[in-house]
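Please look at the sequence and the three-dimensional structure shown here. The paragraphs that follow lead through them step by step.

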Amino acid sequence: MQFYTFAYTSLLMMTDAELAALRQTYAQRTLLETDVLPDAVRQFRQWLDEAIAAQLPEPSALTLATVDAATGQPSQRVVLLKGLPDDAGFLFYTNYDSRKGHELASQPRAALNFFWPGLERQVRVEGLIEKAPADMSTTYFQSRPRGSQVGAWASPQSQVIGSRQELEAREHETEAEFADQNPLPRPRIGAATCCARSGWSSGRAAPAACMTAWFMSARRAVGVGESAGWLLSV
Ligand SMILES: Cc1cc2nc3c(=O)[nH]c(=O)nc-3n(C[C@H](O)[C@H](O)[C@H](O)COP(=O)(O)O)c2cc1C
């Protein structure tokens, strides 16, 4: 609570002009067309490996944007990347009964954003969402520590809980309910993958040019006799 008060006060002390003047010069490296693999997922693997090697905080964290089909209202939140299955999609796990779960059920499209400021890079991914097979979701859920399995049953995502005591009581009830089961059965939590288009930006195209290099890969439509792949556009 103290943190929020402090952050709010400091923001009030900063004028809009000062706020607008906050900027970082991104000049670590250039990004050329020849630096980017046309296969978006393979390219992503390289950048993720570099983010991990650079020991950036939460290198696998991404912002996931979904849309409420009824109102058109977008929403976003952070989730963790859990795999790149078959080099074909970006895998994450969520509760199907959460807000994002409902939104993805009604409108199975999403946008993902990875931002690694330490490397001056962002990756944008857009595409259709598919649910991963149920057995894959179960294996993942049951690989999590028991405390996190209990937590998933005790605190349904996106729902308001009256108090911390209520949450703790639910945890005790869940522990008692599943006392003789290890691992716990999987609640409606599962995996989803997304991919169709990816964009890459990094640093500056040229030291004098105030612009960010930006490349886009899109999944190529598969015609007769063709294999699936990516097209890189500049
Ligand atoms: C670092 C971090 C990682 C997170 N990872 C996940 C995740 O992998 N899956 C998930 O469903 N929620 C994850 N969350 C929680 C979500 O950001 C979000 O608060 C929650 O899923 C409810 O979102 P919704 O109400 O929009 O559905 C994470 C939060 C943080 C801060």
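Strands β2 (74–83) and β3 (90–95) pair in the antiparallel sense over two bridges, where pairing requires that DSSP finds at least two bridges between two strands. Within this pair, Gly83 stands opposite Leu91 in β3. The model is a predicted one, in which local features need pLDDT of at least 70 and side-chain atom pairs count only at pLDDT 80 or more, while totals for chains, interfaces and linings use all residues. Residues are numbered from 1 along each chain as its sequence is written.

Strand β2 also has a partner in β1 (61–67): seven bridges join β1 to β2, and these strands run antiparallel. Thr63 has Val78 in β2 as its bridge partner. The two strands form a hairpin with six residues between them, and Gly72 in the turn has a positive phi of about 80°. In general, the side chains of a regular strand alternate between the two faces of the sheet.

In total, the chain has seven helices and nine strands; these are DSSP runs numbered from the N terminus, helices being H or I with at least four residues and strands E with at least two. Of the contacts in the chain with a separation of 6 or more, 62% are between residues 24 or more positions apart, a contact being two C-beta atoms, placed from the backbone, within 7 Å.

Which element gives the most residues to the shell around the ligand? It is β2, with five residues. At least two residues each come from β2, β3 and α4 (99–106). There are 16 residues around the ligand, and Val79, Thr94, Ser98, Arg99 and Ser158 come nearest; a residue is near if its C-beta atom, placed from the backbone, lies within 6 Å of the molecule. The shell has six nonpolar, six polar and four charged residues. Here Ala, Val, Leu, Ile, Met, Phe, Trp, Tyr, Cys and Pro count as nonpolar, Asp, Glu, Lys and Arg as charged, and the others, Gly among them, as polar.

Some loops deserve attention as well. Gln55, in the loop between α3 (40–53) and β1, has a positive phi of about 55° although it is not a glycine. Gln55 is exposed, because 8 other C-beta atoms lie within 10 Å; a residue is exposed at 12 or fewer such atoms, buried at 20 or more and partly exposed in between, with C-beta atoms placed from the backbone. Glu120 lies in the loop between β4 (109–116) and β5 (121–131), and its phi is near 60°. With 19 C-beta neighbours inside 10 Å, Glu120 counts as partly exposed.
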